[in-house]
Amino acid sequence: MCGIIGVVGSSDTLGTLLEGLQRLEYRGYDSAGIALVRQGQTWRARTAAGTESVAALREECLSAPSGFSSGIGHTRWATHGAPEAINAHPHLDCSGNIAIIHNGIIENHTELQEQLEARGHHFTSVTDSEVLAHLIEDQRQLGLELSEAVRQSLLLVRGAFALAAMDANEPDVIVAARRISPLVVGTAPGVTYLASDVPAILDRATAFYAVNDDEVVRLGPEGFRATDLEGAPVRLRQLQIDWDLETAEKGGNDDFMSKEINEQPDAIRATLLDRRRRNGAICFDELRISDEELRDVKRVVLVAAGTSHHAALVAKYAIERWARISVEVDISSEYRYRDPIVEIGTLVIGVSQSGETIDTIQATREAQRRGARVVAISNIVDSSLAREADAVIYTRAGLEVSVASTKAFVAQVAALELLALRLAQLRSTLEPKDIDALFLGLNAVSAQVATTLDRRSHVELVAKELLHAHDFFFLGRHVGFPTALEGALKLKELTYLHAEGYPAGGLKHGPLALIEPGVVVVAVATDPSMHEKILSNLAEVKARGASVVAVATDDDEHIDSVADYVLRVPASEPMFTPMIDIVPLQLFAYSMARGLGRNVDRPRNLAKTVTVE
Ligand code: F6R
């Protein structure tokens, strides 16, 4: 989740850029940079000092020449290439005149870079973004104006971008464009701005406009002109912004948790971007482990805590089903102390949003000490877990601020299921056509999550009706079981009410004794192959007086006979349902917590990252 900002026509260019970058801090970053552009001259500064990067940039900029009325700035959250100054944005073309900043992922950057290098372009970073500077340079050499050069370049690009480009030979123009990654334009008399998010320019611009996917905007001091990718003029929608800075940082939401719940379609989409080569091979650029070694894995052990443990449980089903490798899942705090057996061919996967959870780090260290190869699934680039592991796959959920994890969970499931597909591909345990279908299905999940989010108001009504309840059982079968565990965890940590996740089939072995009027049973009932069994489990609890809430698919005609409240979701391949079915459960926990007056972003007694045992 990089942050971008740009300004043309300003008498305080440097101040605008540095202040804007500071205000994008809540998006998270590991490096930062700016470029100032005027006729025939580009001045650039870049720093990589983690969360101190903008402060370090401010220092560097003390030596910036004055008199620039235009510039662009960027905070980077590394995806391709380590968080180092050479990979920080802005990137320049070979001439040094064109500067670009980019948020997103250019999926076909490898092939584009090969073509550009064959034409004599020289690359100086290890990023996917730098190809944009060189593509635009090529188009400029054909004599095109900057806006046209950007538009033509984008026709060659696959992936996601919020992009801004400047050229010292056409100063006082910024060309910006968007696909998937967010971008807004702001205006004030004689000055025009662009930014990833409104907070960066909140008190500078007086009017704000949303840029849509596949639109290109030419900004000058006098305002802006927008076209689609074919060059046809388009009008940008004006945004009604009456936010203060705090609300703006939450994207207009009341709190970070609802912002992060709403960001889940993007978290999944970003995590899946650029993961398939032209020959069909599923790939992880950052995974430093050979195909041969992955193919020969004999056993997988996943270690994780809390929500990440629930994502790991989902992965067990996927890896066993698709890659036919036996999988164990351990709560990381238990793994280290139980004298684990690590045989040759054991792959240990440490799953952690922060990559700093002490239990998970200690578990992977123990596994490495006993000879296992370790893969980290981390949301934070260069986290301790990622650095110490033999290999890493980054989820690209963006910074998660709210203590209760939401978007990290869906991104972890997406990354782990992709890894399961890669293992299946290497071991030929699935037909190529099945892998194609599953890959397509995985890519459709983001839209299904968006559809589910649109049904928020119904979940709010159900939560309102159950606000008086104190005891909740969350039930599921197959991958619905880890989903139930995660739903229960969300409810207990946000509301402080008793909530227990249980395999629906285990109910009769004890917990059924606790079911009585007043107890709420929440069931994940979306898997058709488990449906009859779940219905009969629900009939049992209903007969004992429980209120039943069911997460069920749109086409489920039978669920109403056993459920008092139904939370509908779109149907999907069962293995993908945890990413969809968790959404109403997150919204339910959130609405209950709000109804009870809890602080949803900071539940009592909890820390975002647990760094003590
Ligand atoms: C629950 C939650 C925690 C974390 C757990 C692991 O909402 O956020 O249970 O999932 O502390 O944290 P990471 O994933 O950073 O290792």
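Predicted model: local features only at pLDDT ≥ 70, side-chain atom pairs only at ≥ 80, totals over all residues.
Which helix gives the most to the lining of the second largest pocket?

I start with empty space. Rolling a probe the size of a water molecule over the atoms shows where such space is left. The largest pocket here holds about 1,100 Å³. Its lining comes to 50 residues, and the ones nearest the centre are Arg27, Ile180, Pro182, Asp197 and Asp266. By residue class, the lining of that pocket has 22 nonpolar, 16 polar and 12 charged members.

In terms of secondary structure, at least two lining residues each come from strand S6 at 98-106, strand S15 at 237-239, helix H7 at 256-262 and helix H8 at 264-272. H8 gives the most to this lining, with 5 residues.

Now the second largest pocket, and the opening question. The helix is H17, which gives the most to that lining, with 4 residues. H17 spans 480-495, and it is one of the elements supplying at least two residues each, along with helix H10 at 306-323, strand S18 at 346-352 and helix H12 at 358-369. The volume of this pocket is about 570 Å³. There are 24 lining residues, and nearest the centre are Ala305, Gly306, Thr307, Lys608 and Val610. The lining splits into 8 nonpolar, 10 polar and 6 charged residues. As for position, domain 2 (260-445) and domain 3 (455-595) both give residues to the lining, so the second largest pocket lies between these two domains.

How many cavities of 30 Å³ or more does a search of the whole structure find? The search finds 1. The volume of the largest cavity is about 70 Å³. Its lining consists of Arg477, Val479, Gly480, Val524, Thr526, Asp527, Met530, Ile534, Pro574 and Thr577. Those residues divide into 5 nonpolar, 3 polar and 2 charged.

On to the rings. A pair of aromatic rings is described by the distance of the centres and the angle of the planes. Over the whole structure, 3 aromatic pairs turn up. One of them is Trp322 with Phe576, an edge-to-face pair with 6.2 Å between centres and 65 degrees between the planes. This pair links distant parts of the chain, 254 residues apart: Trp322 is in helix H10, and Phe576 is in the loop between strand S25 (565-569) and helix H19 (577-595).

Another pair is Phe472 with Phe588, edge-to-face, at 6.1 Å centre to centre and 65 degrees between the planes. Here again distant parts of the chain are linked: Phe472 sits in strand S21, residues 471-476, and Phe588 sits in helix H19, 116 residues apart. Phe472 counts as buried because its relative accessibility is 0%. Phe588, with a relative accessible area of 1%, is also buried.

Arg38 lies over the face of Phe68, 4.0 Å from the ring centre. Arg604 places its charged end over the ring of Tyr496, at 4.0 Å from the centre.

Last, two single residues. Phe161 belongs to strand S7, residues 159-167. Its relative accessibility is 1%, and the limit for buried is under 20%, so Phe161 counts as buried. Phe161 and Val37 are 124 residues apart in sequence, and their C-alpha atoms are 22 Å apart in space.

Asn169 is in the loop between S7 and strand S8, the latter at 174-179.

Note on methods
Residues numbered from 1 in each chain as written. Heavy atoms only, no water. 1 Å grid on protein atoms, 1.4 Å probe; cavity = no way out; pocket = protein on both sides within 12 Å on 5 of 7 lines; lining within 4 Å. Points joined across faces, edges and corners; volume = space filled by probe spheres on them. Nonpolar A, V, L, I, M, F, W, Y, C, P; charged D, E, K, R; others polar. Domains from an automatic or database assignment. Phe/Tyr/Trp six-rings, centres within 6.5 Å; stacked < 30°, edge-to-face > 60°. Buried < 20%, exposed > 50% of the residue type's maximum accessible area, 1.4 Å probe, protein only. Lys NZ or Arg CZ within 6 Å of the ring centre and 35° of its normal.
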